[in-house]
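Here are some notes from a pass through the coordinates. Please read them with the structure open.

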Amino acid sequence: MNNTSERLWTKSFILLTLCNLLLFTGLQMTLSTLPVYAEGTLHASSVQISLVTSLFALSAIASRLFAAKAMEKGGRNLLIFLGLAISLAAVTGYYWSGTIIVLLLMRMLFGIGFGMASTAFPTMASDVIPIRRMGEGMGYFGLSTSLAMSAGPLIGLSLLQGPGFGSLLLSTGLALALILPLGYRLTKGLPANHKEPVPVSAPGPKGSLFRKLFIPCLLNLLLSISYGGLLGFLALYGQEVHLEHIAYFFLFNAVAIVIIRPVSGKIYDRFGPAALLIPGSLFIIGGLMLLSFAGSTAALFPAAICYGIGFGSMQPALQTWMIQSVDVRQRGMANGMFFNSLDFGVAIGTMLLGSVALYNSYAVMYRYSALAPLLLLVIYMIILMVQRRNRTALSRVSDI
């Protein structure tokens with residue numbers, strides 16, 4: 001049935017997707033460039049460089065714990081505008097960060113603001129997407145996140161290496177500031193059947209919610225570890241192997257994501273997460289191995305395509321899985337846990353892989369990072385086998 005209630009591309013959905021794209025673009029423009037700035041201008045050590053990413057991620061995690069509760073109580077609009085205001089203040093503070101300590105404090109402040117806004121937008125998106133098109137809808141919505149994760153670093157590194165740090169910050173601030181009028185139109189133009197969540201004192205047992213989301217959260221964390229290595233050290237890897245155009249990795253990665261996202265959402269709706277998580281893990285492993293042996297710009301193309309296909313299909317599958325596992329009132333909590341596991345994985349990835357790079361080359365580090373998606377694949381295969389055995393046992397009992 002294809003009536004009005006099944007429409008996906010509504011005005012609200014388009015505005016939400018655009019807002020999310022700008023928010024994550026602003027984030028990604030600084031995630032990949034601030035480590036380079038910290039090393040080159042502030043003479044930061046490898047440990048301090050890893051903190052530039054990990055402290056941001058940890059502060060965003062803490063912020064989302066508050067944001068998820070606020071979403072349950074109907075504080076959606078406050079989260080959007082307060083989060084954007086805090087993020088813009090932090091971006092302004094980057095310009096005046098003359099020491100690594102001040103820069104790290106601004107990163108934590110940015111994490112707090114980003115954690116608020118990044119919890120609100122996907123939760124609102126899941127509320128306006130027709131339930132029977134949830135996989136497809138979250139796939140398209142998640143495309144904005146993945147495109148930002150690919151295009152943002154490319155734009156950021158180009159600005160840092162070209163016009164300079166000031167232009168980078170100005171562009172980042174502009175991306176975030178553009179969300180303000182769009183967010184205002186969004187909150188005033190939601191469809192009539194869309195309402196703020198009603199305040200609830202007990203949406204469900206906390207332990208039950210944790211059990212429902214633990215497995216996809218764990219898999220998302222493992223997926224994000226390798227991405228932390230890309231964000232924190234790809235530019236430095238390019239310097240190590242003398243690749244002047246290492247940022248093209250993010251461009252090719254974005255191309256792959258644009259191609260795979262529309263297809264992956266429909267595959268999820270029809271076949272479920274297994275059809276994406278198993279091949280996606282193999283693509284990511286292949287992409288990381290190819291990257292570790294890249295000796296030219298041309299060699300970045302297959303590495304980025306493989307990684308983009310894997311990451312672009314797996315991330316929205318995990319997010320949709322989590323959203324569909326909980327009650328409607330708990331979608332804010334589910335989205336918060338999704339992004340927390342992502343950020344926690346990035347934080348772990350930058351710290352662990354930074355330690356590996358301290359005693360080895362960055363090329364060796366990327367080979368080690370392939371262990372994370374391999375572990376993801378092993379865990380998920382075990383889960384599938386256990387589920388299949390349980391279903392077989394239940395069918396036998398029912399036949400008796």
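**Notes on the model**

1. Start with a loop. His242 is located in the loop that runs between α9 and α10. Its phi is positive, about 60°, although His242 is not a glycine. Is His242 buried or exposed? His242 has 70% relative accessibility, so it counts as exposed, the cut-off being over 50%. Keep in mind that this is a predicted model.

2. His43 is placed in the loop between α2 and α3 (46-72). Phi of His43 is near 55°, again a positive value in a residue other than glycine. The relative accessible area of His43 is 64%, so this residue is exposed.

3. Next, a helix pair. Two packed helices are described by the angle between their axes and the distance between the axes. For helix α12 (residues 297-324) and helix α13 (residues 331-359), the axes come within 9 Å. They cross at roughly 145°. The crossing of α12 and α13 is right-handed. On the α12 side, the contact is made by Gln315, Leu318, Gln319, Met322 and Ile323. On the α13 side, Arg331, Ala334, Asn335, Met337, Phe338, Phe339 and Leu342 take part. Sorted by class, the α12 contact with α13 has eight nonpolar residues, three polar and one charged.

4. Asn220 belongs to helix α9 (residues 206-240). Relative accessibility of Asn220 is 0%, so it counts as buried. Which residues does Asn220 contact, leaving aside its neighbours within four places in sequence? They are Leu318, Phe338, Ser341 and Leu342. Asn220 and Pro373 are 153 residues apart along the chain, yet their C-alpha atoms are separated by 9.7 Å.

5. Another asparagine: Asn253 lies in helix α10 (residues 248-271). At 3% relative accessibility, Asn253 counts as buried, because the limit is under 20%. Not counting residues up to four places away in sequence, Asn253 touches Ser150, Ala304, Tyr307 and Gly308.

6. Now the aromatics. The structure holds 20 aromatic pairs. A pair of aromatic rings is described by the distance of the centres and the angle of the planes. Why does the pair of Tyr37 and Phe165 count as stacked? The ring planes are at 5°, and stacking requires under 30 degrees, so the pair qualifies. The ring centres of Tyr37 and Phe165 are 3.8 Å apart.

7. Tyr37 has a relative accessible area of 11%, so it is buried. Phe165, at 14% relative accessibility, counts as buried too.

8. Ring pairs also build a cluster. It links Phe24, Phe56, Tyr94, Phe110, Phe114, Phe338 and Phe339.

9. Finally, a charge and a ring. The charged end of Arg367 sits over the ring of Phe293. How far is this charged end from the ring centre? The distance is 4.1 Å.

Methods
Residues are numbered from 1 along each chain as its sequence is written. This is a predicted model: local features need pLDDT of at least 70, side-chain atom pairs count only at pLDDT 80 or more; totals for chains, interfaces and linings use all residues. Side-chain values use heavy atoms; hydrogens and water are left out. Axes are lines fitted to C-alpha atoms, for helices over the stretch in contact, and angles run from 0 to 180 degrees between N-to-C directions. Helices (H or I, at least four residues) and strands (E, at least two) are DSSP runs, numbered from the N terminus. A crossing is left-handed if the near helix is turned anticlockwise from the far one by less than a right angle, and right-handed if clockwise. Contact means heavy atoms within 4.5 Å. Ala, Val, Leu, Ile, Met, Phe, Trp, Tyr, Cys and Pro count as nonpolar, Asp, Glu, Lys and Arg as charged, and the others, Gly among them, as polar. Rings of Phe, Tyr and Trp (its six-membered ring) pair if their centres lie within 6.5 Å; planes under 30 degrees apart count as stacked, over 60 as edge-to-face and the rest as tilted. Buried means under 20% relative accessible area, exposed over 50%, partly exposed in between (1.4 Å probe, protein chains only). A charge sits over a ring if NZ of Lys or CZ of Arg is within 6 Å of the ring centre and within 35 degrees of the ring normal.
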